[in-house]
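This report describes one residue, one annotated span and one chain interface, in that order.

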Amino acid sequence: MTGLQRVLVANRGEIAVRVIRACHVAGLEAVAVYSDADEHARWVRMADDAVHIGRSAAQKSYLDSDALLKAARTAEADAVHPGYGFLSENGAFARAIDEAGLVFIGPRPSVLEQMGDKAAARSAATAAGVPVVPGTDPIDNPEDVARLAPEIGFPLLLKASAGGGGRGIRPVRDVDELLEVLPTAQAEARSAFGDPAIYLERAVPQARHVEVQVLADDHGHAVHLFERDCSVQRRRQKLIEEAPAPGLREETRKALASAAVRLAEHVGYRGAGTVEFLVDAEGNFYFIEMNARIQVEHPITEMITGVDLVAEQLSIAAGRPLSLAQESIERRGVAVELRINAEDPERDFAPTPGEISELRLPGGPGVRVDTGITQGDRISPFYDSLITKLICWGDDRDQAYARARQALAEFHVEGVASTTGLHRRLVTDPELTAGPVHSTWLEQRLG
Amino acid sequence: MSTVDAQMPGVFYRRPSPDADPFIEPGSVVQAGQTIGLIEVMKTFNEVKAERDCRVGRILLDDGDEVDVGQTMFEVDEA
């Protein structure tokens, strides 16, 4: 494959802006796509060309594989960048791009499918020597449950096989409680997910969510770019991320990084990806899943390493070997990302679509703003609630959080309720700024 | 006859999940508080409930249609 020239950006919002920037910096043309609702959006104006792909509802535009493929052909693009969310981890979409003779900027379709299947990803991790949370295969009778539970260890989680996104999970303390709730759990799994299968998994108390950024080229080389701590979450939605993870022992940090690289190499990964782990108070860690795409929180890694991850994605997709040797990747300082969402913390984080009548963005040393909107735009009801990401770097945690406080003081959004006030409280919270916190901390804090 | 109008903008769904049966069909008799549709707003699903006992007449939107505030989704008659 010889270099790329024209990239279709098959996404919207801030990540579309981010990818278009990277294309232009690399000397490539970028083609935007847009739905009815996004006709006048920022990324559409930034791109060299733009293609209308359908109705506002994402199913009829950004999730419409055929419409995106047609747009790529119409615009004569030679590659497709899927961003995050939408079709970014859809193996069938990646395969369709391949078969059309275009370059999918991401992993091979088979790897996307493997990482998207919970059980397949787990066994790949085990085969690569990466620890997974001890657990069972799906089981359906009380005898097996009673026999296998002590091997897993209590407390454990009773999980619906077909569940996901935190649903269909019950914590259980001992065998008696397990056998008591089993029939109800199976019935609920059947009615909620259409499948009564359940499995057991060890509970990891006080766990932190730590993830490792990797880059891999098409020639069998993979490197890591250190880790991010994403423990500040509510209902599995991250609100603040930090790199590097605070308070990790150096040996844990190294072991996490090398586990992530082992997995990437084992599955023949290509592109930018993230390997997610649970880390307990003792520094034991367990693989959760691999996100086979660029992530929302990638800028904090860019801030501490100086590596432009999206530029690396483009370079890898063009078939070039990694330009970075592991030894040459260094980190400096601390970066935090604040995800300001159009959600109202006073009303149980209800989404707040509407017009952004005023938007004042912060600046100054170490402060980066990634957003897909400009003043006067509408936060549409059809997509996610992200207004902007404020990314703040400092020499150390104190300076990074001080800059985060200043950035939030300068930031102002009017027209919709947002999480700005909550973020202001969080960056002054003594427990968070002392760190580290575990992944149920925020929910307990909110009460 | 009266109407059930959207209280929020988003995407309208007639069924709880893509392969499930619709909550109701034209002619269904529903009770106050019963869920008759969903509106997805920024990935959050909000239930549309019947305000009173009624019989469903026309359903003006298809599964996955965009809906705006004040737009009529259902026509209903006293049960």
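A:N341 is part of strand 14 (residues 334–341) of chain A; strands are DSSP runs of E with at least two residues, numbered from the N terminus. With a relative accessibility of 10%, A:N341 counts as buried, the term for under 20% relative accessible area with a 1.4 Å probe and protein chains only. Neighbours within four places in sequence aside, the contacts of A:N341 include A:S385, A:I387 and A:T419, where contact means heavy atoms within 4.5 Å.

The model is predicted: local features need pLDDT of at least 70 and side-chain atom pairs pLDDT 80 or more, while totals for chains, interfaces and linings use all residues. Residues are numbered from 1 along each chain as its sequence is written, chains are lettered from A in the order in which they are written, and side-chain values use heavy atoms, without hydrogens and water.

An unreviewed UniProt entry lists residues 1–77 of chain B as "domain: Lipoyl-binding"; such annotations may be inferred rather than shown by experiment. The end C-alpha atoms of this span are 5 Å apart, and the span is 48% strand and 0% helix.

| Item | Value |
|---|---|
| Residues in contact | 12 of chain B, 15 of chain A |
| Buried area (accessible area lost, 1.4 Å probe, summed over both parts) | about 970 Å² |
| Share from carbon and sulfur atoms | 64% |
| Salt bridges (Lys or Arg side-chain nitrogen within 4 Å of an Asp or Glu carboxyl oxygen) | 2 |

One salt bridge joins the side chains of B:D65 and A:K60 at 3.6 Å, N to O. On the side of chain B that touches chain A, strand 2 (10–13) and strand 4 (35–41) each supply at least two residues.

Notes. Helices (H or I, at least four residues) and strands (E, at least two) are DSSP runs, numbered from the N terminus. Buried means under 20% relative accessible area, exposed over 50%, partly exposed in between (1.4 Å probe, protein chains only). Buried area is the accessible area (1.4 Å probe) that two parts lose on being put together, summed over both.
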